[in-house]
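This note is meant for a colleague who is new to the structure below. Please read the points in order, with the model at hand.

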Amino acid sequence: MMKDNSANLDILRSFAVLSVFSSHVWQHSVPFGYWTVSNTFANAAFALGTTGVAFFFVHTFLVLMLSLSRSPAQHKVSSFYVRRAFRIYPLCWVAIVIALSTHLTDFQFGSVSSLPPKWVIANFLLVHDVVHGPFSYGVLGPLWSLPWEIQMYLILPFLFFIVDRWKNPLVSIIIWFATTCLAVACTALNVRHAHWLVFPPMFFGGMIAYQLIAYRDKLPHRRSLPSWIWPIWVLILFAVPVSLLGGYDMETWQAASVDGCICMLMGISVAFFPDIQARGIVRPAHQIAKYSYGIYLLHVPVIFLIYRYLPHVWHPLRIALVILLTGAVSVGAFHMIENPLIQFGKRITRQRQQLSKPELPGAPSFARESCAKDESPSRESSLLELK
């Protein structure tokens, strides 16, 4: 099975976060009067950022299914939720506190200091998308996508058990096709709350990739595409919605069909490209992917800090400062907040799994201790055979 830190997935994740970052840098340059752009260019920049988020969804669903496939059977679902909570919430809370305390935010509906307490709580819980009105977008622009991830986490383990039970990739393709048709039909008919149906097909591209990877590995004579084409192919898929969609609105039937199809194509193509080996691409992509969550959450406060308090600096230099400061803040946030809490969540779930392992009655004490320390299935099975 593919590793969740493969070079190709790092490239996909780095392209996705850079597209969101670039889109926001361009978009926020216009209100500050640094340049003016046509509506066509503005729509293209917006489509670039939203396509990056869609590919984040594909990447996340695939990586989490790969992680579930390797995790021990004991407390599989509860351990999944604990780890995701420690992965998503802590740095998100830091970003929200920064936005509320400094007002370095792209919130467009008045001052964040005037937000009612229940809307602030909804942001901290990442359920603000269920709030009606202007507050549903979150106190920071990038927060709009996180509630969708949280809600998809609720059903991801159960989808994993379904596709793991039926190994045929057609299962994932049928689920994707049915949800895409439902999203297109409901948005075309202007059904109320149809936007809830737009995002699942994007995630299910990752589910298609998971089943195709498992199916591919069983083929005796499988063929792979040249690895050097992978970055070019990702850029081509980025260009599809930018070129096909004019005034981009994710809740239209045109966007629902295009976004669903490119996420399906991305999921299919992930399975048939071997990992690229070019170090000049792999190493930078790995570093950007490693710090991508911090880049995604913290680049907007950095943009407003530089743009608001350095108004007379030459704009290309201002953009360079945004890039450097975003990188520095993201690296610091990863090592001080993000990674320590990720490891803490892993330790909690690992301890629970070890405590729940049945002891081997009649086995020597050193065998029971080694079984508790070693989580590999081969070691456990050998001890059982010895017993």
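1. A residue is called buried under 20% relative accessible area, exposed over 50%, and partly exposed in between (1.4 Å probe, protein chains only). By that scale His103 is partly exposed, with a relative accessible area of 31%. The model is a predicted one, in which local features need pLDDT of at least 70, side-chain atom pairs count only at pLDDT 80 or more, and totals for chains, interfaces and linings use all residues. Residues are numbered from 1 along each chain as its sequence is written, and side-chain values use heavy atoms, with hydrogens and water left out.

2. His103 is in the loop between α3 and α4 (117-125); helices here are DSSP runs (H or I, at least four residues), numbered from the N terminus. Although His103 is not a glycine, its phi is positive, about 60°.

3. The backbone oxygen of His103 is reached by the side chain of Arg308 at 3.2 Å, a polar contact being a pair of N or O atoms within 3.5 Å, where within protein one must be able to donate a hydrogen and the other to accept it, and residues adjacent in sequence count only if both atoms are side-chain atoms. Arg308 belongs to helix α11 (residues 292-309) and is partly exposed, at 33% relative accessible area. Arg308 and Leu104 are 204 residues apart in sequence, yet 8.8 Å apart in space, C-alpha to C-alpha.

4. His75, in the loop between α2 (39-70) and α3 (76-102), also has a positive phi, near 55°, in a residue other than glycine. The relative accessible area of His75 is 31%, so His75 is partly exposed.

Note on methods: Helix = DSSP H or I, 4+ residues; strand = E, 2+ residues; numbered from the N terminus.
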